[in-house]
Amino acid sequence: MTGRVKKKRKIEKKQLYQQSITSCQNEILIRAQNIQIIEYPKNQSAFINSSLIFNCTATGHPRPTISWVKNDDPQALQTNPRVEEKVILLDNKTVRSQLLLTGTKMEDIGTYHCVAHNSAGERVSTVSYLLTEDLVMSGLLNLPQAAGMNCNTKLTIIPDVEISINPPRQELSVGTAVNLTCTAQPRSIDAGYYDRWTEYIQWYDPQDKPAGYRCVQGRHMVLKHRCTLMIEKLTADQLGSYTCEAGNGYRAHCRRESVEIRPEGAQNIQIIEYPKNQSAFINSSVTFNCTATGHPRPTISWVKNDDPHALQTNARVEEKVILVDNKTVRSQLLLKGTKMEDIGKYNCVANNSAGERVSRVSFLLKEDLDLQPVQNVEDPTNQSAVVSFTVTFICTAKIHPKPSISCEGGNDRHSTQSTPGTNFHPSGTQTVTQVVEDRWNLSVVIGSDVTLNCITTGHPQSTVRWIKNKNSSDVQSTSKTMITRDRRDQTTHFQLFIEKVKKEDGGKYQCAASNIAGEKASIEVNLHVNDLDLKSESRTLARRTGLSTFQLTAIAFVVSASVFAVGAFLWDRRLLKISKSISMSLLRKSERQSLEDDHKRLKR
């Protein structure tokens, strides 16, 4: 074999080898698959010097590798001798990484996330948080929710998100099959940039945990990316708010939208028993009661001084829940060994899937004070009042134990005590409220304005709520109703103004005044809303003009007859003009015909 032939074959082998390498590289690139993180690290709370584990599982082809990042610093964990990483190869595409942290310290508190790599790219998990347990239990810190922690709401280059439900309603019965579809697309101004298109969609359940699969764009990206969460049989635990999170290829550039699935026939909550004001001795026990009804049956929590966490850290507080029926629940808040720091205001909050209801505020006061001398006395002031109206004289004495106060009328110590309409109330007691109107039963016409008055007395100054038809929900200020308050000397004047009343505004109204000493309700005022009555209107017009009803009727008849006569005269003139125009047109037509006949004769 000659040297030239050998050299030629050597060149051919080299070219064939290079082609095989190129085809292999192309095959690897073609078969490479995007990474999916199928298990995200979860939020953790741990005691000091304890151990904990973060888990992260990813799949892809080729099988990805996983690294960990703390506080957005990839080098932070490499210098920590208390950190160990364990890698578990689940199959030829899936790998799990476990980050073990031993001897937890304060400097370990922060954010953690995992990053998965392969030849197709990389994927970054959502952020998880590590907090120390003592801070969480003390209420100083709360674990953030896992859903959407990587979304920055201040960013603008984020996808538009739309959610649809099948069946197309939000109130569903248990056992129903539900499909939640989330559609995400870039904004119209971002559609020309492929890196701003939607890269992923993730659903979160009512417990803020990832639900279903993470829908990631494939090799052939689409403008409208959809992800459907299928619930085969809806259970009671699956009711609540579902959140769709959609993001593009940039970190924290994502949007979250929610939809709530409520039980069929859900009813709003009504609090049928409110907590009452309490006064107790030091080291005694106090019980607050709160009863609520609704469907599904609500849950009740307690708030002290507008702080939901204040009672959670009090070891002397116990809560007892009594299930009255399938719609009603009672909660009893038991406070043992009362101390000075327990004094304040308490209220309950009832929740279910239909919403929440907050009770009125109740007060806890300290009963026993140290013995004190009389500091000052507030003398009663002169009063002027209308006959049959209530008058209140206030006399205040600061002393312990609580003094007994007697009143004298006309220099007779016992004269006021013998009067049936006289009542004595200690300072701070709410007196009976009254609604002042010309008539207790009001009758108005549709479209007119109504004002109801309520005058209250008491110390300290009371607050008033208006009640209609003894309903538990109060009358609130709206666009057509307005509630005003005016303080005058020892009384407070409240007004309920209703603009342009309608039929549904009719009913029984009363005002309920309350302060820290208790609550008193007024008598009911019946408001009747009538249709417009022409007879009553005519009588009203007669009173205003000074004429009798017969005279007004005669005037109306004369005016109507005059109008009719004028109209008939104008109509006759119009008919005359029409008849003249018709006759003229007929005359012109006959003349035209005769001219045509004469013209024909001349031609002949």
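The model is predicted, so local features need pLDDT of at least 70, side-chain atom pairs count only at pLDDT 80 or more, and totals for chains, interfaces and linings use all residues. Residues are numbered from 1 along each chain as its sequence is written, and side-chain values use heavy atoms, without hydrogens and water.

A pocket is an open set of points on a 1 Å grid over the protein atoms alone, where a 1.4 Å probe fits, with protein on both sides within 12 Å along at least five of seven lines; lining residues have an atom within 4 Å of a point. Of the 29 lining residues, Glu-122, Arg-123, Glu-199, Asn-248 and Gly-249 are closest to the centre. The pocket lies between domain 1 (33–133) and domain 2 (159–263), because both give residues to its lining. Domain bounds come from an automatic or database assignment. S8 gives the largest share, four residues.

Lining by class, with Gly counted as polar:

| Class | Residues in lining |
|---|---|
| Nonpolar | 12 residues |
| Polar | 11 residues |

**Sheet.** Three strands (DSSP runs of E, at least two residues) form an open antiparallel sheet, ordered S30-S33-S32. Strands S30 (450–457) and S32 (481–488) are the edges, each pairing on one side only. Pairing takes at least two DSSP bridges. S32 and S33 (residues 491–498) pair over eight bridges. Arg-485 has Phe-494 in S33 as its bridge partner.
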